Amino acid sequence: MLEDTVPLSHYLMLSATLFVIGIVGVLVRRNVIVVFMSIEIMLNAVNISLIAFDNYMNLSSGQIFSFMVMCVAAAEVSVGLAIIIALHRNKPTVNLDEFNLLKW
Amino acid sequence: MELLIFYPLAGFCVVLALGVVFNTSPVGSALSLIGMMLGLAGIFVLQQAHFIAILQIIIYAGAIMVLFMFVIMLLNLKKGDDAGWIARDRNLLLSVLTGLLAVGILYKLSDIIFTAKMNTPAILPDSFGTVAIIGETLFTDFVLPFEVASILLLAAMVGAVVLAKTKLD
């Protein structure tokens with residue numbers, strides 16, 4: 001139990017668990033904001049495994065990758081929230097099922 | 001010793017992530033997400049990636065979550081605004097099936113993950129995860145992605161301003 005280090009599989013398991021929680025959130029919730037937050041959970045889950053592999057192989061490219069993931073997340077959040085505000089202005093609701101204009 | 005720190009942190013993160021999904025009020029979800037980000041920063045510190053841990057706190061828990069809170073307050077969302085939150089009634093069956101699929105994927109993934117043979121980290125130099133070594137890699141091997149990221153952020157900034165404007169002229 002009291003080993004010195006955390007095995008790689010534990011980090012990967014945490015990452016997979018958080019990713020699946022994010023997927024379930026996207027599939028199950030109908031509130032736009034909460035679905036958006038679930039996407040953030042998924043992005044974070046990937047960062048864990050990138051950095052874990054870095055740590056186990058003594059590289060630094062994985063950390064640069066997670067840095068880029070954070071950049072993309074920041075860009076995505078700013079544009080996505082602007083879209084949500086624009087949608088809310090057209091149709092005062094946050095329920096995803098009500099936005100069906102682009103459906104077939 | 002590291003395991004003793006890892007398990008509580010990981011449990012904290014998973015519980016708060018579940019809190020994001022199953023909370024009825026959007027503000028509660030956002031607060032859980034902030035807590036999860038802070039827990040993840042702790043896990044990054046455990047993995048010796050100090051610079052990324054600080055970035056996680058500044059960018060995610062600071063900037064991005066403030067933006068989320070700002071929009072929640074702006075839209076004036078209240079508890080239970082999405083009454084039928086559990087699934088669409090029209091395709092309840094599909095939602096349940098996809099949920100089961102996601103859990104099945106997790107089960108299969110855990111099977112594969114536990115065959116990983118790496119149990120001890122590499123022998124890390126003291127400089128691992130510091131600003132110096134990350135900066136050196138960023139400005140030698142990854143200059144082009146760095147510049148592209150700056151263009152991406154500029155485009156996102158312009159896009160957000162244009163999208164959120166009331167009237168385009």
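1. Basis. The model is predicted, so that local features need pLDDT of at least 70 and side-chain atom pairs count only at pLDDT 80 or more, while totals for chains, interfaces and linings use all residues. Residues are numbered from 1 along each chain as its sequence is written, chains are lettered from A and ligands numbered from 1 in the order in which they are written, and side-chain values use heavy atoms, with hydrogens and water left out.

2. Confidence. Among the elements of chain A, the mean is lowest for H1(A), at 89, and highest for H2(A), at 92; helices are DSSP runs of H or I with at least four residues, numbered from the N terminus.

3. Extent of the interface. Contact (heavy atoms within 4.5 Å) joins 83 residues of chain B to 74 residues of chain A. The buried area, that is, the accessible area (1.4 Å probe) that two parts lose on being put together, summed over both, is about 7300 Å² for chain B and chain A, with 77% of it given by carbon and sulfur atoms. On the chain B side, Gln47(B), Phe68(B) and Met118(B) lose the most area to chain A, together 9% of what that side buries.

4. H1(B) provides the largest share of the side of chain B that touches chain A, 13 residues.

5. Asn47(A). This residue belongs to helix H2 of chain A and is buried (under 20% relative accessible area, 1.4 Å probe, protein chains only), with a relative accessibility of 0%. Apart from neighbours within four places in sequence, Asn47(A) is in contact with Ser66(A), Val69(A), Met70(A), Phe44(B) and Tyr60(B).

6. Arg30(A). Located in the loop between helix H1 (8-28) and helix H2 (32-57) of chain A, Arg30(A) is buried at a relative accessible area of 4%. A polar atom of the Arg30(A) side chain lies 3.2 Å from the backbone oxygen of Leu27(A).

Technical notes. Helices (H or I, at least four residues) and strands (E, at least two) are DSSP runs, numbered from the N terminus. Buried means under 20% relative accessible area, exposed over 50%, partly exposed in between (1.4 Å probe, protein chains only). A polar contact is a pair of N or O atoms within 3.5 Å; within protein, one must be able to donate a hydrogen and the other to accept it, and residues adjacent in sequence count only if both atoms are side-chain atoms. pLDDT is the predictor's confidence in each residue, from 0 to 100.
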